[in-house]
Amino acid sequence: MALYQTEAVVVGARNWGDADKMMTFFTKERGLVEAAAFGCRRPRSPLAGSMQLFSHLDLQLAEGRRVDTVKQAVMKCHHKKISEDLPAMAYGAFVAEVLREFMPPGVPEPGAFQNLLDVLEAFEQRNPRVTALAAVLQLMEFTGLQMHYEQCLHCGRAIAGDGFFSVSEGGALCSDCGPESGQPYTEELRKTILALRDLDWSGTAAMKLRGSTLMQAEKLVLSHLQTLLGHPLKSMEFIMQL
């Protein structure tokens, strides 16, 4: 049974058996990994404190024929707000679900891993709703399933001014190519989406967003995710209850 070390963030957990959990980690070296954490639900387990959603860990795992096993876990960082504040927790769960659904298992993506670390730090300081939307827009860029916001899908020209948007086609349409009955895609909406997608997490300035435009951006992104999955994200039920 080969052992391996990896840096990881907990992005999913479900109870398994009487005292165990089946964990989902997003790792720097191996991408998404599922592993069993035996006995971690017992209070005296050395794994009890680290197998919590959003924990940033140094892990030792054992490769298994059916599933890997967590052998050791050392906490690198505990994100207090996202673990205790309900809105931050809910929007963090949304980001984690998108990551689990769309990142391919077993494929290392160090850029996406660093992006996730930046996002978790941002949840400690920034508006959780804005942080989550920006995070999902950025994470989808690593999947190859992102929508296209800047060029017309039909003619390839850069969108200038207002245009149209087709979720079913996966992106923007210029005013010449878009149908008159199409979904409006204003210049303000496009600039808002691009600002969120290209957000530099190291910056300290707060973004100024119009509430109605933020809602339009959320609607576009959620419609796209639901179209890809064929069903709504479970984390949205948590968010709607807040």
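Mentor: Gladly! Helices and strands here are DSSP runs, numbered from the N terminus, and a helix has at least four residues. Keep in mind that this is a predicted model.

Trainee: Which helix gives the largest share of the lining of the largest pocket?

Mentor: First, the general idea: rolling a probe the size of a water molecule over the atoms shows where empty space is left. In this case, α3 gives the largest share of that lining, with three residues. Both α3 and α4 (128–140) supply at least two residues each. The largest pocket holds about 310 Å³ of space, and among the 16 residues lining it, Ala122, Gln125, Arg126, Thr131 and Gly203 lie nearest its centre.

Trainee: How many nonpolar, polar and charged residues are in that lining of the largest pocket?

Mentor: Eight are nonpolar, five polar and three charged.

Trainee: What about the second largest pocket: how much space lies in it?

Mentor: About 270 Å³. Of its 18 lining residues, Leu53, Phe54, Met89, Ala93 and Phe238 are closest to the centre. Here α2 contributes the largest share of the lining, five residues.

Trainee: Now the strands. In what order do the strands of the closed barrel run?

Mentor: Strands pair if DSSP finds at least two bridges between them. Here five strands form the closed barrel in the order β1-β2-β3-β5-β4, with mixed pairing. From one strand to the next, the twist averages 50°. Helix α2 (residues 86–102) packs on the sheet, where it touches β1, β2 and β3. Helix α3 (residues 110–123) lies across β1, β2, β4 and β5.

Terms used. Residues numbered from 1 in each chain as written. Predicted model: local features only at pLDDT ≥ 70, side-chain atom pairs only at ≥ 80, totals over all residues. Heavy atoms only, no water. Axes fitted to C-alpha atoms, helices over the stretch in contact; angles between N-to-C directions. Contact = heavy atoms within 4.5 Å. 1 Å grid on protein atoms, 1.4 Å probe; cavity = no way out; pocket = protein on both sides within 12 Å on 5 of 7 lines; lining within 4 Å. Points joined across faces, edges and corners; volume = space filled by probe spheres on them. Nonpolar A, V, L, I, M, F, W, Y, C, P; charged D, E, K, R; others polar.
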